[in-house]
Amino acid sequence: MTLVLDGVTVAYDGVPALRDASLELPRGEVLAVLGPSGSGKSTLLRAVAGLEPLAAGTVTFDGADLAGVPVHRRGFALMFQDGQLFGHLSVARNVAYPLRLPGRRRARAATRARVAELLELVGLGGYADRLPGTLSGGERQRVALARALACDPRLLLLDEPLSALDRGLRERLAGDVRRILVEAGTTALLVTHDVDEAYAVADRLALVRDAAVVQSGTVAVVDAAPVDERAARQLGYAHVLDGRAVRRGAWRLAPGPDGLEGESAGVVRTGVGPRLRVVVAGTGELEVPLAGAPAPPVGARVRVVPDPEGVAYL
Ligand SMILES: Nc1ncnc2c1ncn2[C@@H]1O[C@H](COP(=O)(O)OP(=O)(O)OP(=O)(O)O)[C@@H](O)[C@H]1O
């Protein structure tokens, strides 16, 4: 493991904002720290960056304890929600900025080549001379990402990098961010409150709530076996029953006498096709994709079973 947090506690004025947090991140992988507002995600990221002192525990990188290593000596890069570009500098100059700092200076041609390569990587090949004020929000975040990657950080820390963007753009950019990080081979820790973004970007998930990391592991493992009902809800599961968590729409009409009995409440059109609404006493309303099957009339008794594709076991 490259990054290891072991029993990390961070407190503000004696009140813990992160308690006994442990997690691991292998080299070249992307970890999404997922949690609701105020749960302690940013505190975790700040502790890794060296921006907050630890009240307890250790953060190690490649086996070395980072206690006492100041922020600028960790070899990490940070990127925030509002990219924080320099408005008076061109896109190219923004990306080149970290390459021109004392100690990092290189030949002008080398800087120019590196900037061109980074702009290609983030899909902004023709944007070198534009000013940040002329870019869309998504383009600005791509520039910020290119700048954060400029110095080949040992670890990239991203704090809600897409939160300021609207939903559709966020979805598209999340996939791009993953591609860019994988292509650059970057080890990254991303903080987000958006479960879709976490799934789209990450190899690993850490679920945070009430100042604690309640579960962490590969996306496949965490997704298939949330530790408890709250974890399942955090992961976007819509229904929890009998130790199982089921995603919205992950139901089928049962061919036989198995499953839950409910009542048809009519068809709803969704972005992924028509779905039958079924009201099940004690569980609520479920959505059953019809996949071409005729819809039972409103009020008809129907039986439904979960689609194994959308089920996790707590
Ligand atoms: N500098 C600070 N001084 C005092 N309390 C703080 C400070 N920073 C954060 N906190 C508190 O610590 C808790 C966790 O904050 P944190 O920013 O880590 O949450 P978060 O999960 O990142 O939330 P959000 O998604 O809203 O940014 C909150 O209760 C917050 O009010």
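Figure 1. Helices (H or I, at least four residues) and strands (E, at least two) are DSSP runs numbered from the N terminus. Residue numbers start from 1 along each chain as its sequence is written. Because the model is predicted, local features need pLDDT of at least 70 and side-chain atom pairs count only at pLDDT 80 or more, while totals for chains, interfaces and linings use all residues.

**Figure 2. Helix α1 and the residue that follows.** Helix α1 is mostly covered, with seven of its nine residues buried. These buried residues are K41, S42, T43, L44, L45, A47 and V48. A residue is buried if 20 or more other C-beta atoms lie within 10 Å of its own, exposed if 12 or fewer, and partly exposed in between, with C-beta atoms placed from the backbone. Just after the helix, G50 adopts a positive phi of about 95°.

Figure 3. The chain contains eight helices and 18 strands, and its C-alpha atoms fill a box of roughly 75 × 45 × 30 Å along the principal axes. Of its 314 residues, 36% count as buried. The domain assignment, whose bounds come from an automatic or database source, gives domain 1 (3-226) and domain 2 (239-313). The C-alpha centres of domain 1 and domain 2 lie 39 Å apart. The UniProt record, an unreviewed entry, places the feature "domain: ABC transporter" at residues 3-235; UniProt positions follow the numbering used here, feature names are shortened, and annotations may be inferred rather than shown by experiment. Over residues 3-235 the chain is 34% helix and 26% strand, with the end C-alpha atoms 24 Å apart. The average pLDDT, the predictor's confidence in each residue from 0 to 100, is 92 for the chain, and 100% of the residues score at least 70. For the complex, the predictor gives an ipTM of 0.93 and a pTM of 0.90.

Figure 4. V30 lies in strand β3 (residues 30-34) and counts as buried because it has 22 C-beta neighbours inside 10 Å. Its contacts, leaving aside neighbours within four places in sequence, are R178, L181, A188, L190, V201, A202 and D203; two residues are in contact if their C-beta atoms, placed from the backbone, lie within 7 Å. V30 and V182 are 152 residues apart in sequence, yet their C-alpha atoms are 8.3 Å apart in space. Across the chain, 65% of the contacts between residues at least 6 apart in sequence join residues at least 24 apart.

Figure 5. A206 is located in strand β9 and is buried, because 27 C-beta neighbours lie inside 10 Å. Leaving aside neighbours within four places in sequence, A206 contacts L23, L31, V33, V213 and S216. Eleven residues along the chain separate A206 from G217, and their C-alpha atoms are 6.7 Å apart. The loop between β9 (204-209) and β10 (212-218) holds D210. Phi of D210 is near 45°, a positive value in a residue other than glycine. D210 counts as exposed because it has 12 C-beta neighbours inside 10 Å.

**Figure 6. D242 in the loop between β11 and β12.** D242 is found between β11 (239-241) and β12 (244-246). Although D242 is not a glycine, its phi is positive, at about 50°. With 8 other C-beta atoms within 10 Å, D242 is exposed.

**Figure 7. T111 in helix α3.** T111 lies in helix α3 (residues 108-121) and counts as partly exposed because it has 18 C-beta neighbours inside 10 Å. Leaving aside neighbours within four places in sequence, T111 is in contact with A96, L99 and R106. T111 and D307 are 196 residues apart along the chain, and their C-alpha atoms are separated by 53 Å.
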